[in-house]
Structures are given as structure tokens and as C-alpha cells.
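Here are my notebook entries for today. I went through the structure one topic at a time and wrote down what I found.

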Amino acid sequence: MGAVDQATTGSHLERYDEALARDPMSAFGLVREWMRTDWRALFAELRERRPVFVTPAFTVVTRFADVAEVLSREEVFSVRIFGPRLDAALGGPFMLGRDATSMNWRDKGLMRVMLDPRDTAGARELAGRMADELLDAALPYGRVDAVQALFRPVALGVCATYFGFPGPDQQTLSRWTRAIVTDGFANFLGDPEIQAASVRAGTEMIDYLRGRLAEHRAALRAGLDLPDDVFTRLARTTLPDGIGVDDERILINMAGLPLGFVESGPGAMVEAVEQLLLRPQVLAEAVKAAADPDSGHFDRYVWEALRFNPFFKLLPRLCERDYVLAAGTPRSTLIPAGTVVLAAPASAMFDADVVTEPDEFRLDRPAHQQLFFGYGHHACLGVHPARAIVCEAVRRLLLRPGVRLLPPPEGQVARSQGIFPDRFLLGLGADGRFGADGQPGSDGRPSAGGQPGSDGRFGADGQFGADGQEG
């Protein structure tokens, strides 16, 4: 949970300046820690005093207009900072790591056709059905691990049924996505072991998809019926040779779908639920709205809750040439070529120059002020189904009686790399029922023997985007 926005005292910047003079690496560590634990107070201070926050290691951009400027100037602020790592994992160029190239435009256009906005209603119904089945299984134990027993299985189920990418099993697909996304977006120091794990995972993923594509093509030649999922649509598609979409492009673009959703989707669901549960009055209103046939009424609660703790708070870019940001304003700043720029949508969505009463929970905020799915050239390709799936999974949870936060530490969100939610135990059911052995369920999931599993997983096979863009 982020710290509550408040009047700035200057404490963060004073501590940073003192640390920078003494030990630049310790100053870098301070900022990283604040980004994780006290980001709202830090960003509030930066917006007021140093809206373009220049450090020896990176520059943080905090005002709405400046974040939008960075994210819409792809020819200046490129994704080359993480693109090569994704290319290395997938064995070829990936559109997420390219800016306004022919390949980028072509592959984005192809995938936009495959991710038809008309799929949204079906994707929402699928997510809701899976969520209900998982919640039914957890209910007898009086609690549920919202990550491992609900939101992550829903995301993996969407990959299997809608994307047509089940993986050899959910555990393996989950391992692949976590390894690649961790290297691309959380391996700040370039740990070679993390990079090697990403390449291994990507190689396995592409090999699996190559075999699956061959199976689909053989089935199509034999006249067999295949489900109308995204993978099948790609397998059926025939384009002229000159277009440049060969099987390798299909495989790499297909690999991008779980990379853009399996981490960011459950992450958004967890953050939104926690923020709603922390606000009892808002929660009561959201539960009432969840029963409304008009899903749009409920969805506004999810997105406003997520604004108070977005899953991806920073979007990294690399400045390709000297550029004056916010030119003509008092905060005008020269960004030298080679600078790592961290655009902060989490800060921009609290910028009082654009967002009315940013500290208040309001449902009337216009959609263009929401930056959860990126902005500009690299805005999320799958935004239509993604929005519906995230909201519907949260809605089905809140429709269950007795959903509540558990006391810390067990009720706190446990994270990998300080970013990815791995565990979030919630109370479930008005009577706080016990497991089949008469003991309280420790995680809301049955183990292989039918008793609550101690690790938040279903027996041996239970397991559990990109940067919120082009997923």
C-alpha cells in the first residue's frame, strides 16, 4: 500500500541530497526503496519541488503533461532500454522492443486484428466463470490466496482458452512469464543469472509454440475444427510473402501475449482489491455496484481504486538524443542523450493540475486521465479484453460474502522482487469456516491430500507485461 499523499515536508529530497553528497550509491538505494514503500509521498514532493528529478543514474518525470510527452515521443524516448533483453529471450526482434519501425507497425496491426474488441464480452464471461469455480473451491476453507488461488489462475486460464496458449501446464507457463518479465523490467542491475534464466525460459516457450503451431497447421490441413482463439486465428492467417509475417513472427508475437498479461493482470487485480478493502464505505458501495447488471458502474470502482496503487508505477525509456522536456515552462529541463528516463504514471494520476481533487476517491474521472495501459505509441494492444477481465475477476470476488483483509503479517501482500504479488490471503465467507480436518485453512486452497496447503498452492502442480503496455 502506498503512503497517503500529504503536505510535503522536504524530508525525501533533503535525505537524498545528503546521501548523494556522501555516497551516490546509497542515494540510489534510497530512491529505489522509497519507490517501493513511500511512493505517493515521494512523488508528491517531487511534483512540487523537482518535477523532473535528475539523478546520476536516471531521471524521474512526475507531472502528467511531462509523462505524456515522454510516452508520446517514441523517436526520442525509446524502449531500447529493455528491448534487447526481450529479443534475447524470444530469439528475435519483438515489437514491444521497437519504436515506430516497419516491423513494429506491421506486427501491431496484425495483433490488433487478432485481439478483436468484439471478444470483450466473451473474455469477461470466461474470467467470471473461472473466478467463480476457484472461489467455490476456496470457500470451505474460510480464506483464499487471491494471487495463487484466484487471480493468477484466472490469468493463466485466459491464456489457455482465449489466447490459445495453455503451455505444457500452468506451472510451466507461469515460470516462463515470470523469468522473462523479471529480466526485462525488474533486473535493474543486469544480474547475469536472471538474464540467463530469461533466455532459457524464452527458448523453451518458443520451442513449445513452434510445436503447437505445427500441430494446428496439421489439424487445419486435415479439416479438423479448432477453437476460435487467438492462436488459431494466427495459424489460419495467410499473408503475401512480401508482408514479412513468417512463422517466426507469429511465434514471437504470440509469446508476447502472456508476457503482457500474466504478471500485470493479477498485479492490477491485487492492488485494486487491497485498496477497496482498505476503504470500508467505498467497499460497501462497490459490493452494491457489483450486483448491478451494468458492469460499467462497478468497473469505475476498480480503476479508481487502482489509481491509489497502480501495479506499474514507472515506465522506463532511453533518451536517444538531447531533448528539452517541458520546454517553455519553469520546469524545462535538458535531458541528455543516453539518459534513462522513468516516466511515472502513478505520479501523473495525482497531478492536481490535471486531476481534480486527486486525493479523493471519485468515480467521475475521465478515461483519458487513466494511464494504467500506457500512453501513446506503446499503449496496450489488448486493452479491451484486459480491462474486462481484470474488472470481472475482482467483481466475482467482491460478490462473495465476508471478503476481508486478514491481520498482518499473513494478510499482507507478499511480493517477488518487491514488485510481483506472490501471496495475498483474504478472509472469505461470513462464518470463517474451517477446513475438512477441523483446522483453519492456512491459505484457502486444498493440498494434494484434500487439506489446506501450507504453501498457497494446489499440491504439486499449483503455481502461479510487460510494463503495462502492448500486452
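**Entry 1: a threonine in a loop**

I started at Thr-62, which lies in the loop between strand 2 (59-61) and helix 4 (64-71). Helices (H or I, at least four residues) and strands (E, at least two) are DSSP runs, numbered from the N terminus. Is Thr-62 buried or exposed? Thr-62 has a relative accessible area of 0%, so I noted it as buried. The cut-offs I used are under 20% relative accessible area for buried, over 50% for exposed, and partly exposed in between (1.4 Å probe, protein chains only). Leaving aside neighbours within four places in sequence, I found Thr-62 in contact with several residues, including Phe-43, Pro-51, Val-67 and Ala-348. Contact here means heavy atoms within 4.5 Å.

**Entry 2: how to read the model**

I reminded myself that this is a predicted model, in which local features need pLDDT of at least 70, side-chain atom pairs count only at pLDDT 80 or more, and totals for chains, interfaces and linings use all residues. Residues are numbered from 1 along each chain as its sequence is written, and side-chain values use heavy atoms, with hydrogens and water left out.

Next I looked at an open sheet of 3 strands, in the order 4-12-9, with antiparallel pairing. Strand 4 (143-145) and strand 9 (404-405) are at the edges with a single partner strand each, so one side of each has no neighbour in the sheet. Two strands pair if DSSP finds at least two bridges between them. Strand 4 is joined to strand 12 (residues 425-427) by 3 bridges, and Val-144 has Leu-426 as its bridge partner.

**Entry 3: salt bridges**

How many salt bridges are there? I noted 35, taking a salt bridge as a side-chain nitrogen of Lys or Arg within 4 Å of a carboxyl oxygen of Asp or Glu. In one of them, Asp-116 and Arg-118 have their closest N and O atoms 2.7 Å apart. Asp-116 is buried at 16% relative accessibility, whereas Arg-118 is exposed at 72%.

Arg-124 and Asp-299 form another, at 2.9 Å from N to O.

**Entry 4: cysteines**

Last, I checked for disulfides (a pair of cysteine sulfur atoms within 2.5 Å) and found 0. Cys-159 is buried at 0% relative accessibility, and Cys-380 is buried at 12%.
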